[in-house]
Amino acid sequence: QVQLVESGGGLVQAGGSLRLSCASSGRTFNTYAMGWFRQAPGKEREFVARIIWSDGNTSYADSVKGRFTISRDNEENTLYLQMNSLKPEDTAVYYCAAKESLTAWELGSWGRGTQVTVSS
């Protein structure tokens with residue numbers, strides 16, 4: 001199992017930027033992919049972005065393309081999410097996740113989340 005701890009959330013004005021971090025420990029050598037998800041109040045959790053740990057291949061939700069960038073530091077076992085041009089609708093709890101294979105994200109490891117609030 002992998003332990004994940006998110007940080008970097010906070011309150012920011014619309015148009016501003018934040019950088020989220022996710023520190024991983026434990027069975028990190030078996031990581032296939034890591035990703036960011038978010039859940040706004042009253043809504044279901046949704047996919048934001050993911051990165052394949054071995055080759056850096058990335059994928060994004062349409063709602064964040066061109067504004068968010070996912071990256072990783074292999075040596076530090078840390079995942080990042082650079083969020084620019086933030087909008088009030090980006091307000092949510094952001095979760096980091098990791099999985100060891102092509103199985104569903106729900107079967108992987110999850111952090112406890114970090115709150116991001118974007119004011120208009």
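## Loop residue L102

L102 sits in the loop between β9 (92–99) and β10 (109–110); strands here are DSSP runs (E) of at least two residues, numbered from the N terminus. This is a predicted model, in which local features need pLDDT of at least 70, side-chain atom pairs count only at pLDDT 80 or more, and totals for chains, interfaces and linings use all residues. Residues are numbered from 1 along each chain as its sequence is written, and side-chain values use heavy atoms, with hydrogens and water left out.

L102 has a relative accessible area of 70% and is therefore exposed (exposed is over 50%, buried under 20%, partly exposed in between, with a 1.4 Å probe and protein chains only). Its C-alpha lies 7.8 Å from that of Y32, although L102 and Y32 are 70 residues apart in sequence.

## Aromatic pairs

The structure holds three aromatic pairs. Rings of Phe, Tyr and Trp (its six-membered ring) pair if their centres lie within 6.5 Å; planes under 30 degrees apart count as stacked, over 60 as edge-to-face and the rest as tilted. The F37 and W105 rings have centres 5.4 Å apart and planes at 70°, so this pair is edge-to-face. F37 is in strand β4 (residues 33–39) and W105 in the loop between β9 and β10, 68 residues apart. Both F37 and W105 are buried, F37 at 7% relative accessibility.

F37 also pairs with W110: the ring centres are 4.9 Å apart and the planes at 55°, so the pair is tilted. Because F37 lies in strand β4 and W110 in strand β10, this pair ties together parts 73 residues apart in sequence. W110 counts as partly exposed, at 22% relative accessibility. Ring pairs link F37, F47, W105 and W110 into a cluster.

## The four-stranded sheet

An open sheet of four strands runs in the order β1-β3-β8-β7, with antiparallel pairing; two strands pair if DSSP finds at least two bridges between them. β1 (2–7) and β7 (68–73) stand at the edges with a single partner strand each, so one side of each has no neighbour in the sheet.

Strand β3 (residues 18–26) and strand β8 (residues 78–83) run antiparallel and are joined by six bridges. In this pairing A23 stands opposite T78 in β8.
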